[in-house]
Amino acid sequence: MPSMPMHIVSIVGARPQFVKASVVSRVLRDRGMEETLVHTGQHYDPAMSEIFFDELGIPPPDHNLDVGSGSHAEQTGAMMVGLERLMEARRPDGVLVYGDTNSTIAGALVAAKLVLPLAHVEAGLRSFNRAMPEEVNRIVTDRLSDLLFCPTETAVRQLASEGIVRGVSLTGDVMLEVTRHFAERADAQVALSGITHHEPGRYGVATVHRAENADDPARLAGILEGLASLEFPVVLPLHPRTRRRIDQQVVPSNVDLIEPLGYLPMLTLVRNARCVLTDSGGLQKEAVWLGTPCVTLREETEWVETLVGGWNRLAGADPVRIREAVDRRPTGRPPEFGNAPGGPASALIATALESLG
Ligand code: UD1
């Protein structure tokens, strides 16, 4: 009798997780594993969710828990109820979670309580700022995980310093794989002129969505003032959290507010930009990989490799620091990071998951 294929439940819910899952899901399925893809519904606007499934060729989710927005407890609790029901019924061989969102921690807690093997993609990242909900999600998820897939050596060392060594592996960064895979396609398929009327190299791209920036009027005002001080236009695709807040602010005349973009148009926009200004984690890396200097609108970054040569600079929400960081251009070639021996990351992750069977 042929043996049953290995069954993995993958949990996604927020925009960056769709991007990361796109490469891993493909490899799991290519290797003959059964994957049940669960969308928690944390991100639900078509521009925040569906568009990524379409563009990145992600199989449609097998289940959508439709939890939507709410307080941290409401959102995480609703996800846990849905995930527990589903995982109790299916008893998979492993549960795969990504990154640091509320969807990640909900999946981790449910898997751990049901004593199901838990695997974490993007393990070992730390900002050392516990005021960020993402930091709490990372710490708890890493504590509970049986397999910890680290994108960088820094992440491996961090886990070791916390006493976590069992199940830890250096896989490299799945986002590097996605960026490489889609960068050429984006160039071929998406014209810059379809996104903005600005010329290549003559504009900046900004994104702001972290609670610490979007929900704090003084910090959001500081960021907008910093953007206003730049002598070039800035294209700002608006996350829904920020859209709700920006109405109470004065938007500078050199800032073009646009709707959230899909993955391919965003790659095209970033690759052709003079610089990126962001509080996103993933976009810092994408900018550097695409050779575009980055200014991070936070006080710290989990992705310390990006800081080498000044390709990424920390500026917080202070207009003077933002302007200075933009004016100082980076030196040397952009740092290379996110590769691991034996990669790509998705293959190493799939091989490690096979070991659960
Ligand atoms: C979440 C993650 C963050 C990640 C980001 C990617 C947590 C704690 N944070 O932040 O780490 O970088 O996703 O984008 O999980 N909203 C909509 N439509 C949507 C989604 C959100 O209108 O499709 C609005 C809602 O008003 C909601 C707010 O945006 O209250 C925030 O959404 P939420 O999912 O709670 O967190 P994000 O800020 O997106």
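Is C150 buried or exposed? In this predicted model, C150 is buried, with a relative accessible area of 0%. The residue belongs to strand 6 (147-150), one of the elements that cover the buried residues of helix 14. The search for disulfides, run over the whole structure, returned zero. For C294, the nearest cysteine sulfur is that of C275, at a distance of 8.5 Å, and C294 takes part in no disulfide. Because its relative accessibility is 2%, under the 20% limit, C294 is likewise classed as buried.

The domain assignment divides the protein into two parts. Domain 1 is made up of residues 7-173 together with 340-354, whereas domain 2 covers residues 190-327. The centres of the two domains, taken over C-alpha atoms, lie 26 Å apart. Their contact involves 22 residues of domain 1 and 19 residues of domain 2. The size of an interface is often expressed as the accessible area that is lost when the parts come together. For domain 1 and domain 2, the buried area amounts to about 1600 Å², with 59% of it contributed by carbon and sulfur atoms.

Polar interactions also occur at this interface. Four salt bridges are found between domain 1 and domain 2, and six residue pairs are in polar contact across the interface, with both residues of each pair at pLDDT 80 or more. On the side of domain 1 that touches domain 2, the elements giving two or more residues are helix 1 (15-30), helix 2 (50-56) and helix 5 (133-144). Of the elements on that side, helix 2 gives the most, with four residues. A salt bridge is also formed by the side chains of D173 and K285, where the N to O distance is 2.7 Å.

Helix 14 (residues 345-354) is largely enclosed by the rest of the structure, because seven of its ten residues are buried. These buried residues are A345, S346, A347, I349, A350, A352 and L353. Their cover includes strand 1 (7-12), strand 4 (94-98), strand 5 (118-121) and strand 6, as well as helix 1 and helix 7 (174-189). The buried residues of helix 11 are Y263, L264, P265, M266, L267, T268, L269 and V270.

Several backbone features were found in loops. The peptide bond from G343 to P344 is cis, with omega near 15°, and P344 is placed in the loop between helix 13 (319-327) and helix 14. Positive phi values occur at two residues other than glycine, V115 and F128. For V115, phi is near 55°, and the residue is located in the loop between helix 4 (102-113) and strand 5. V115 is exposed, with a relative accessible area of 70%. For F128, phi is about 65°, and the residue is located in the loop that joins strand 5 and helix 5. F128 counts as exposed because its relative accessibility is 62%, over the 50% limit.

Key
Residues are numbered from 1 along each chain as its sequence is written. Side-chain values use heavy atoms; hydrogens and water are left out. A disulfide is a pair of cysteine sulfur atoms within 2.5 Å. Buried means under 20% relative accessible area, exposed over 50%, partly exposed in between (1.4 Å probe, protein chains only). Domain bounds come from an automatic or database domain assignment. Contact means heavy atoms within 4.5 Å. Buried area is the accessible area (1.4 Å probe) that two parts lose on being put together, summed over both. A polar contact is a pair of N or O atoms within 3.5 Å; within protein, one must be able to donate a hydrogen and the other to accept it, and residues adjacent in sequence count only if both atoms are side-chain atoms.
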